[in-house]
Amino acid sequence: MTMSASLLATAVVLCAVGGILMLTRPLTRILLGAVITGNGINLLVLSATGSAGAAPLLYGVPLRRITDPLPQAIALTAIVITLATTAFLLAMAYRSYQLTGTDEVHDDLEDRRVFLRAEVLGERAELREEYRAGPRPTRQERARYREEHRRLRARLRADRALQARGRDAGGDLWHDVLGADPEDYVKDKDDDRGAAG
């Protein structure tokens, strides 16, 4: 099997560019990255088959001169999957832009909460270990320990309060779960103003 070095280099560059684009936050760049990576992988698969030969459906051609049809079938399947993925990501980006005005993927709040809790528990364990390791603590050391303990607890409570405010959705289950159109939000605001006035 011989492989063209230029095709291999092109495939590697396409995969690298696509991978970098998929690591960014905007969904449109992620979409472009998925498309470019898909094309790079298809090119890699097709270039791995070697030089092109005769069409495989012609009878009477020696088997050594026939092109292997399997990589072409795999590339065709990958093109269909990439098309479906592109449509899905495009719909997500459009919906995200409709609702938030941007297509950036935000941090997962639950992940941030788990990380913060682990960090606070680690700091608390270090503080307790340091407090208990020494000889009998003085009054100032005890006060400092309690103060630090209170500060860590307040940090967790503040994060919980922030998340509770974030979860304070509009109350319409359909809109909260599936997302409402921006026109619905404008209509709701107008209704609220009319009721207040």
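**Helix packing and local contacts in a predicted model**

Q: At what angle do the axes of helix α2 and helix α3 cross?
A: In this predicted model, local features need pLDDT of at least 70 and side-chain atom pairs count only at pLDDT 80 or more, while totals for chains, interfaces and linings use all residues. Residues are numbered from 1 along each chain as its sequence is written, and side-chain values use heavy atoms, with hydrogens and water left out. Axes are lines fitted to C-alpha atoms, for helices over the stretch in contact, with angles from 0 to 180 degrees between N-to-C directions. The axes of α2 (residues 27-47) and α3 (residues 69-100) come within 9 Å, and they cross at roughly 180°.

Q: Is Thr37 buried or exposed?
A: Thr37 lies in helix α2, and touches Leu14, Cys15, Gly18, Gly19 and Met22, not counting residues up to four places away in sequence. Buried means under 20% relative accessible area, exposed over 50% and partly exposed in between (1.4 Å probe, protein chains only). With a relative accessible area of 14%, Thr37 is buried.

Q: Which residue has its backbone oxygen 2.7 Å from a polar atom of the side chain of Thr37?
A: The side chain of Thr37, a residue of α2, has a polar atom at this distance from a backbone oxygen. That oxygen belongs to Gly33.

Q: What is the geometry of the aromatic pair of Tyr131 and Tyr145?
A: The structure holds 1 aromatic pair. Rings of Phe, Tyr and Trp (its six-membered ring) pair if their centres lie within 6.5 Å; planes under 30 degrees apart count as stacked, over 60 as edge-to-face and the rest as tilted. Tyr131 in α4 (residues 109-133) and Tyr145 in α5 (residues 139-167) are 14 residues apart. With 4.2 Å centre to centre and 15° between the planes, the pair is stacked.

Q: How many helices does the protein have?
A: Helices (H or I, at least four residues) and strands (E, at least two) are DSSP runs, numbered from the N terminus. The protein has 0 strands, and its helices number 7.

Key:
A polar contact is a pair of N or O atoms within 3.5 Å; within protein, one must be able to donate a hydrogen and the other to accept it, and residues adjacent in sequence count only if both atoms are side-chain atoms. Contact means heavy atoms within 4.5 Å.
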